[in-house]
Amino acid sequence: MEPIAIIGFALKFPQDAVSPGQFWKMLMEKRCATTEFPPSRMNIDAFYDQKKSAHGAIPLRGGHFIREDLGAFDASFFSMTPTEAAAMDPSQRMLLETAYLAFEAAGIPLERASGTNTSVHTGCFTDDYKLQLLKDTEQIPKYAATGASLAMLANRLSWFFNLSGPSMNIDSACSSSAIAVDHACALLRTEACEMSLVAGCNLTYVHDYTSLLSKMSFLSPDSRCYAFDERANGYARGEGIGVVILKRLSDAVRDRNTIRAVLRSSASNQDARTPGITQPSTKAQEKLIKETYRQAGLSMEYTRFVEAHGTGTKIGDTVEIDALGGAFRAHRSPEDPLYVGAVKTNIGHLEGASGIAGLIKSVLILESGVIPPNANFEHVNHRIDADHLRVSFPTECMPWPGHGLRRISINSFGFGGSNCHMVLDDAFNHLRIHGIQGIHRTLEYPSESVPARADFLRKEVAFPLPVLLPRTVDRKAKLISSLRTPKLLVFSTSDKEGTKRVAQEYDRFLSKMSKEDIDLEAYLDNMTYTLDSCRSLLPWRSHVILDSITASSGLVSRLLAPVHVQSQTIELGYVFSGQGAQWYAMGRELLVFPVFAASIEGATLYLSSLGCEWSAKDELLRGRSDSKINDPSYSQPLCTILQIALVDLLRSVRINPAAVLGHSSGEIAAAYCIGAISQESAWRISYFRGQLASILTERCSTRCALNKLLQQPS
């Protein structure tokens, strides 16, 4: 079964869990994000009734809510009018924003995603916005049909990002986003699409659906999820948006994407008939777990942690743990149990988005090699025989047990019986075991000590390092390695003031970043690469030039005035000079660029086949006193070699001329630039032209000396 790579993700979860770093910090600190209903959602005092004696009353006062203003939205950025945006479900707005961030995290600019055969799968089953709109039918806005449709959650993403693959919203209740992942993986494996965007979303801003769930006693009166705990009394609703970007692993390696984790297998099934439609089935869940491993030929031995559904309901928790124990018990021992966690204890039950939340948490665990504790856990539910089932519920941060491959199972099920199971491997060990050269950010050998911090998210570089020339001990290599090439940090935004805001964020981030245990030069290289090649090209642009990351403080003060980039293509002309403009150290600084250096090295290898006894790179690195740059047999080919390398370097960053002009020997490089002659032909012509010029110069010098001698009086 073709492995699927997770290459990027973004999230907006309750309270301050609005980034991977902040989310991880919440997990490590065992915090629960529950609060009372914010006044912006509802007046809880008007609806709260512990005894539910009044019609429409709810017996709880809170949940887990996104802190951000649900009305905040940049309509123009997402190509829509304020009127259309005002009629749109906030879930659609936040999905657009989070999907944009997910593409950024994957290093895929808008222009590179546009037009691709990318599928979009969203998971959501609540429609609070539609319920609110229909309360006043006389005030329904013009665009309510598209603004309130659950289908538009996926379709609007496909429309804005110009993605042509299948696009659908999936409603299987609480397993919606997990089953969306399963569908996306199936399409990728059949090559029906080249990339998939999978999202889950859940917002709770009217009391109606909360009231419906309360009537069936699903919800905890404490507004907390006591997963697997003796106090389990229902689940607490949570808000959240999560988006992941998926590719076939082979494609991700080919495209040099950063691989965050590897989805080895996923499957889904149904409970079928149980005593009640909302009562889960141990048998169906256990069967699904085993089938998920069997279909991919995976061993259950490596699975040390399960991210469980874990809602905090007495029946649901016991059924799920019985299924997990039945599936994994034979592969574990009392001394070496299966560790079980549930993200719902931190951020509540995100319902249709809960599967994506569990998936993102699992990726962070695999990358860090740290298992976070369960919040709201004191004593195991007496209906769960943890010792017999060989399961354990961590109450403190702990290092991943053992070394080698890290494998996690993720369990998800809906209240109507739709189950899904996923198996995830860490990127580093999967690539290592299968002999694949890929980019990842997994901590290879996590420390046995587990500090409660999210530093690992910042310490590992998320994008590939530039391939620098090999460093050796000889003088010329030291000269190259000592060259400090200034770095261009490019900031691109949709409005004029945006470049300043972005620079301020980078300034704040770099000032707080711990610079210990980090290769600062490599980090700056990666940041430069990210801003240049992995961010969208927006209309307003500015830049800062840095020599080192230690000089990065005060970015805003050094930021150049933003420039509005016109849409029309700028046409450039190249003028290639002839011999005479040469200089002994010309082009030396450009040797730090791999494309330029490779072109110079290629010229040396080719000319050696013609009998040339010197190296182009060596000659360019000579000092003033021993340079032979003014000898025609050197200067002619070196000028052309340098010009060709410049053409190659500019071409590598998509800069090409509309016209070229060459003078004297500059005509050789000009002909190469427009494709009239090959690179080898250009080098060959320049080499023999130099040889001939050297011979003619020597003959001329001899004749002049003879004439001068003959003209002297006897």
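In the predicted model, eleven strands form an open sheet of mixed pairing, in the order S5-S4-S6-S7-S1-S9-S16-S15-S10-S11-S13. Strands here are DSSP runs of E of at least two residues, helices are runs of H or I of at least four, and both are numbered from the N terminus. Two strands count as paired if DSSP finds at least two bridges between them. The edges are formed by strand S5 (167-170) and strand S13 (391-392), each of which pairs on one side only. Strand S11 (residues 338-341) pairs with S13 in the parallel sense over two bridges, and leucine 338 stands opposite valine 391 in S13.

Helix H4 lies across strand S1 (4-12), strand S4 (118-123), strand S6 (195-202) and S7, and runs at about 130° to S1. Helix H9 (residues 176-189) touches S1, S4, S5, S6, S7, strand S9 (261-270), strand S15 (407-413) and strand S16 (418-426), and its direction makes about 115° with that of S9. Angles run from 0 to 180 degrees between N-to-C directions, with axes fitted as lines to C-alpha atoms, for helices over the stretch in contact.

The largest nonpolar core has 53 residues, and those with the most contacts inside it are Phe103, Phe161, Leu197 and Ile245. Such a core is a set of buried Ala, Val, Leu, Ile, Met, Phe, Trp, Tyr and Cys residues joined through side-chain atoms within 4.5 Å; buried means under 20% relative accessible area (1.4 Å probe, protein chains only). Helix H4 (residues 90-105) gives the most to this core, with seven residues. Leaving aside residues up to four places away in sequence, phenylalanine 103 touches Ile108, Ala113, Phe161, Leu163, Met195, Leu197 and Ile245. Another core, of 51 residues, lies apart from it and includes Ile179, Ala180, Tyr339 and Ala357.

Phenylalanine 228, in the loop between helix H10 (208-215) and strand S7 (240-248), has a positive phi near 65° and is buried at 0% relative accessibility. Glutamate 351, in the loop between helix H14 (344-347) and helix H15 (354-368), has a positive phi of about 55° and is likewise buried, at 0% relative accessibility.

With a disulfide taken as a pair of cysteine sulfur atoms within 2.5 Å, the count is zero. Cysteine 612 is in no disulfide, the nearest cysteine sulfur, that of cysteine 639, being 14 Å away.

Residues are numbered from 1 along each chain as its sequence is written, and side-chain values use heavy atoms, without hydrogens and water. Local features need pLDDT of at least 70 and side-chain atom pairs count only at pLDDT 80 or more, while totals for chains, interfaces and linings use all residues.

Technical notes
Buried means under 20% relative accessible area, exposed over 50%, partly exposed in between (1.4 Å probe, protein chains only). Contact means heavy atoms within 4.5 Å.
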